[in-house]
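Colleague: I'd like to learn how to read a model like this one. Could you walk me through it?

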Amino acid sequence: MQSVAAGSESAVHEKNSRLRKLQALGILSGFTAGAWLGAAEAPTKLVSAGVSPIVISLIMVIGVFLARWSLPALILGTSSIRADLRRTPHLIIWALLAGCIWAVANTMTIFAIRDIGLSIAFPLWNSNSLLGILWGFIFFNELRSAGWRRWAGVLGGALVMCAGAALLAIASSTQAPAAHSMRGVWAALGAGILWGTMYIPYRKAYLSGMNPLSFVTFFTFGELGMMAALAISYLGLAPLWQELTRARDVLFWLMLGGFVWVIGDVFQQYAAKYVGISRGIPLSNTNQFWGMLWGIFVFGELRGSGSSTYAQVIGGSLLMITGVGAIAFSSAGGTEQGQWKAAARRESRRYRIAEDYVDARMQGKQVEGEVRPPRTWLDWTLVAGSTAVFVAFAAMARAPILSFHWVPALLLVLATFALFLFCGFALWRTTRFN
Amino acid sequence: MPSTENNELPRGRWTSVLTDVHFWVPFAVLIGGLILLKSIH
């Protein structure tokens, strides 16, 4: 009798310990996502080199498309993706919808960067975290039964972030040309609303047990389809082709930006899976901090501005980071996680998904007896094909003539890779990328 | 071992999707985003 009770106690302890480990992993994934998403925005500075925002977005999305098929094929294998899809076929619709939202938001960010600058636009579209908290609470039971401390951490953090965003919006009116500053602000806020809502499909997928690497492969069809439609409808096929030909020297850098974005997004997906969207989005929004570092130190943004503009941008960014920190350290407790499970059961019942599958995947595990299929020739073909496309574009590329400071760029690249290796290893060790 | 695959009828699946608020909120935001993009372009 005593040994049964001890065994049960040990199982509960083990489960709680794993949940704590997964929460820490989610927080680490969010920070790593921030570094990579911030680095990915740097190539959009090429707007000042006279390339149309629509073309920039389209080329980035082509890079994203290649990365979203080759990386999952390399890490997981297409057979595993197919197996995931057979269990949750309805999620294809949400993946496509989220991909379309991403493409529209990304195009808006390029208008925003052109009109108000990277260091100002970033924090504005990062208002998406406020919306993420709202959707997480309404739709996925996040912050339910969370206790007043966690509520204070998340809501207090959100309010501090609002104050930071407002400070940065004021700074934008002194930095940007008056004729376009409001257009830039609207574009950045629009991107924030779109991205904040895009996390509804993300969270739904992970409460249904889908592997983040499977979700992104279908997501990318929405991205590429929507972006191609936008480019053709706004520019026309012949002018689009002419622009692409004219910009062939810089296409590689934009595709590389898309590739880097995908790496950040994959970590963001794991953050959304293990800490939920109300905390995962603010964490990955530390890309604002990284974007500011790239903008100011590598591209020399804000050069020649008055000291008050610097004070507003730095103060606003620090306020936003303080808010993010408060949210990050309000991780979900046992009762709130019980609410997450109730949200997951809703998905299981509505779409008839096996509960043991959902439960195992939420713990970053495979279902008992489930064997991960081996990689096939298709996986290696996808990896080789994507690599060949990148090499071909790299051969055509030339370094754009921009104000660029190499030493801070190198330091930022090293820091970004260090986070990648550390978090990637932790994810592999704990979940085998489940 | 019981199958974990989803074998429900396509019609039921579509009904579940189209009556799910998780579908309509992102869809409405996407349409709003396209309108905003057109106005700032």
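Colleague: Let's begin with the two chains. How many residues of chain B are in contact with chain A?

Modeller: Keep in mind that this is a predicted model. Here 21 residues of chain B are in contact with 36 residues of chain A. On the chain B side, the elements that give two or more residues are α1 (10–18) and α2 (21–40) of chain B.

Colleague: Which element gives the most to that side of chain B?

Modeller: That is α2(B), with 12 residues. By residue class, the side of chain B that touches chain A divides into 12 nonpolar, 6 polar and 3 charged.

Colleague: Where is L143(A) found, and is L143(A) buried or exposed?

Modeller: You will find L143(A) in the loop between α6 (128–140) and α7 (148–175) of chain A. L143(A) counts as buried because it has 22 C-beta neighbours inside 10 Å, and the cut-off for buried is 20 or more.

Colleague: What about phi in R432(A)?

Modeller: R432(A), also a residue other than glycine, has a positive phi near 55°. R432(A) lies in the segment after α18 (406–431) of chain A.

Colleague: And how many other C-beta atoms lie within 10 Å of R432(A)?

Modeller: There are 13, so R432(A) is partly exposed; a residue counts as exposed at 12 or fewer.

How values were computed:
Residues numbered from 1 in each chain as written. Chains lettered and ligands numbered in written order. Predicted model: local features only at pLDDT ≥ 70, side-chain atom pairs only at ≥ 80, totals over all residues. Contact = placed C-beta atoms within 7 Å. Helix = DSSP H or I, 4+ residues; strand = E, 2+ residues; numbered from the N terminus. Nonpolar A, V, L, I, M, F, W, Y, C, P; charged D, E, K, R; others polar.
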